[in-house]
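Here are a few friendly notes to read alongside the model. They cover the salt bridges and then the interface.

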Amino acid sequence: MRQHNSSIVLMGQVFAFSIVLVGCTNLDDVAGLTKLADGAQQALPAVVRDIPDSCERQNAFIANIPNAERPPQIEPQDCKLYRDVADHITKDQSVLITYFDSLGKLASNTPLSYDSRIDRNVAAIDKLPNLSEQTIAASEAGQKIAKVLSDLATKGYRERKVNSIVERTDEPVQQLTSALKSVILVDYSGILANEATILDVYYRSPLEAATAGERLTRIVVERQYEGDLATLRSRRDAAVTYGKVMDNLASMHHKLKVEAGQHADLRTIATVIGPEVAALKDAVTQLQAGVK
Amino acid sequence: MANFSNEQLTTIAQQFHDLSAMVGQFRLDQIDSGKPLEDPQIVHLLGLQLSLSKTSSSVFIQAAELTLSDADGAAQQIVSATQSANSAISKLNSIDKVISIASAAALLGTAVMTGDLSQIGNAAQGVLTALETDHGMASVGG
């Protein structure tokens, strides 16, 4: 009889523990959003950092072309403008990553904190016509998401608020991912295309002018050229992967909004967004490998 | 009023890219034939190559925002002129002629970014004129 009672107590304890476990289910447990955000936090900024870095590399190539061989319109560029844009983009991108990280923790007891010091001053980037428009769009959308993040941290929104939070942020998330994708896939790719032209001129002109007697030098320079071209190709590939990451983030968030709108439980939501998260993890891993 | 379609922007960007590459290859061939790197015409060709390349890489950023009364007509003029220029340069040996055609194409690139139909039309005509005034070596639409 005592043994029978012990079994009932044990079963009761297991049941109670199971309830606690089910109660703790959150998007992060099932979908691994925090781990995804960690990977994104390492991989995405490296792509953005290369915007001013490409400018610096182009200037270095231009500076090494002798004056007599250089047309007057080829002047070193002011890379500070590119650095300002990259700084803005990095902050907006960071808001996006923090948001997805927070989303994963909504139903858990993990404390949420957010320091909303997003730079609202877009006047500084107004001087770069090519990059300014999408950067300003990203900044505006980033500010809306930052406001939600501040509310999450200060007002203690939790699981029951997932629906309203996702509803409130879907539009700026779509805008921000689209603007970030455009900055990298169109603007940054254009900057890399200019770098490719400068690289081509820098190496191929003197190689063409070199005489047959300079064979060993040619071999060394050609190998160096191939190396620089391979690095440039990997940067172009990284830009394309970055675009995929933004597409997947936008798509995942949209599905999240649809499911949350239908009041699905978190485990169902996590199952629905699972493939998107898996695709995102793959893309982020690919990006991490490509931007070394 | 309409914008250039993505397909039109891609084609225009590709045309200017091809022109830049064509001018670049022509320049390298001239260097290979013995022209020194600091020869003023070689330097001029380099400036044109880079200008055309910059137009190509800027098309999606700047021209995408333009609103034109006849985007289709403008795109057709741009593509027709750049295709003709590409075709002509691939057959030319005269450095003066290539500079003349590439200069006209570079002006067309500048005109494209203004979104002004009359400027685009005039600049496209300028490319065709540069081809026609060839010393019997290139043919329009060739």
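1. A salt bridge here is a side-chain nitrogen of Lys or Arg within 4 Å of a carboxyl oxygen of Asp or Glu. By that rule, this predicted model has 11 salt bridges over all chains.

2. Do have a look at Arg57(A) and Glu195(A), whose closest N and O atoms are 2.7 Å apart in a salt bridge. Arg57(A) sits in helix 3 (residues 33–63) of chain A and Glu195(A) in helix 6 of chain A, so the pair ties together parts 138 residues apart in sequence. Both Arg57(A) and Glu195(A) are buried. They also belong to a salt-bridge network with Asp50(A) and Arg235(A).

3. Helix 6 of chain A also holds Asp170(A), while Lys257(A) lies in helix 7 (residues 215–261) of chain A, so this pair ties together parts 87 residues apart in sequence. Asp170(A) is buried, at 5% relative accessible area, whereas Lys257(A) is partly exposed at 26%.

4. In chain B, Lys35(B) and Asp39(B) form a salt bridge at 3.7 Å, N to O. Lys35(B) counts as partly exposed at 25% relative accessibility, and Asp39(B) as buried at 15%.

5. What about the interface? Chain A and chain B bury about 1,900 Å² between them, 61% of it on carbon and sulfur atoms. On the side of chain A that touches chain B, helix 6 of chain A gives the largest share, 14 residues. By class, that side has nine nonpolar, six polar and seven charged residues.

Key: Residues are numbered from 1 along each chain as its sequence is written. Chains are lettered from A and ligands numbered from 1 in the order in which they are written. This is a predicted model: local features need pLDDT of at least 70, side-chain atom pairs count only at pLDDT 80 or more; totals for chains, interfaces and linings use all residues. Side-chain values use heavy atoms; hydrogens and water are left out. Buried area is the accessible area (1.4 Å probe) that two parts lose on being put together, summed over both. Helices (H or I, at least four residues) and strands (E, at least two) are DSSP runs, numbered from the N terminus. Ala, Val, Leu, Ile, Met, Phe, Trp, Tyr, Cys and Pro count as nonpolar, Asp, Glu, Lys and Arg as charged, and the others, Gly among them, as polar. Buried means under 20% relative accessible area, exposed over 50%, partly exposed in between (1.4 Å probe, protein chains only).
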